[in-house]
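Subject: Handover of a structure and its description

Dear colleague,

Please find below the structure that I am passing on to you.

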Amino acid sequence: MAEYEDDVLLPRFFKVFLSETASKSFGIPLSFMEHLADPLPNTAKLQGTGGKDWTVSMTKIRDGAYFTDGWSKFAQDHELVEGEFLTFVYDGNRTFEVSVFGRLGCKETRAEAETIELLGSSSDSEEDEEEPSTDVDYDIRLGQNEEISQSIYPFEEEETESDAAAVFEGNVDIAALTNPHFPTTLKNRIYELLIPANIVKENSLEFGESVKYIDEEGTLVGLRGKWADNRVCFKGWDRICRRNRLKKHQDTVECELLHDRNKMVHSIRVHVMRGTA
């Protein structure tokens, strides 16, 4: 049930595949543009239900956005034919989960990844999650009104290990970030992430009842907490601290606030900068 509720929070669109117009490129509906970053990212990742990823270019043409380079490979691998139905679920960070529905209306799994690769990936993630932290005694028990849901989005195969690390850990250029952002460290109150009031005010930001944390491991949903003075905070931050093994008085986290064109924050991208003892 939690996974379903997590999924509902994400923006999505659907289109019918027409080979005449969508064999080489694929247009994103104009009504969906408000959910995309401005300026538009150079690339996006399409995640198929078979467990594989495809990197595609994103190109702005007039007022619209298109999947271009790499789209034809995705369409070919999924053996798309005229009249099939596609749904795209966007995670706010360049990744679209794509589902294919055949002409009879049934969801189909195509372009499946090899089983041995999936088993190896799952085993690795489980070992990382279960490894205890030696720096802080983390308590990840959730209250009755708290709900955290997790889905993993691994980096695409084309990215090198150093590329992936540069995105989230250690080498981020803070001055180059175009979205609102603020630093934080591991504090005694680790269960909630407090958004500084000056950041909210200066950028005219709006917040809903939840946000999606995005780090190197994937994504987590944090529900909005309640403070007497109406400050903005989100629960589930302890899970981010734990799985990134943050060290007190050493590591710093730069929190980048991803929002749509209406200034509604939907995700918090986590950049970890390791310190020295």
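This is a predicted model: local features need pLDDT of at least 70, side-chain atom pairs count only at pLDDT 80 or more; totals for chains, interfaces and linings use all residues.

Residues are numbered from 1 along each chain as its sequence is written, and side-chain values use heavy atoms, with hydrogens and water left out.

Overall composition

The protein chain has seven helices and 16 strands; these are DSSP runs (helices H or I, at least four residues; strands E, at least two), numbered from the N terminus. Of its 277 residues, 40% count as buried, that is, under 20% relative accessible area, with exposed meaning over 50% and partly exposed in between (1.4 Å probe, protein chains only). Among contacts (heavy atoms within 4.5 Å) between residues at least 6 apart in sequence, 64% join residues at least 24 apart.

Nonpolar cores

A nonpolar core is a set of buried Ala, Val, Leu, Ile, Met, Phe, Trp, Tyr and Cys residues joined through side-chain atoms within 4.5 Å. The largest has 26 residues, of which L36, L46, F67, W71, F88 and F96 touch the most other members. Elements giving two or more residues to this core include β3 (43-48), β4 (53-61), β5 (64-67) and α3 (71-77). Apart from this core lies another, of 25 residues, among them I190, I199, Y213 and C255.

Not counting residues up to four places away in sequence, L46 touches, among others, W54, V56, F67, W71 and F96.

Strands count as paired if DSSP finds at least two bridges between them. β3 and β4 pair in the antiparallel sense over five bridges, and K45 stands opposite T55 in β4. Four residues lie between these two strands in a hairpin, and G51 in the turn has a positive phi of about 95°.

β4 also pairs with β5 in the antiparallel sense, over four bridges, with M58 opposite F67 in β5. This hairpin has two residues between its strands, and R62 in the turn has a positive phi of about 55°.

Residue A22

A22 is found in helix α2 (residues 19-22). A22 counts as buried because its relative accessibility is 4%. Leaving aside neighbours within four places in sequence, A22 is in contact with F17 and W71. The C-alpha atoms of A22 and F67 are separated by 9.5 Å, although the two residues are 45 residues apart along the chain.

With kind regards
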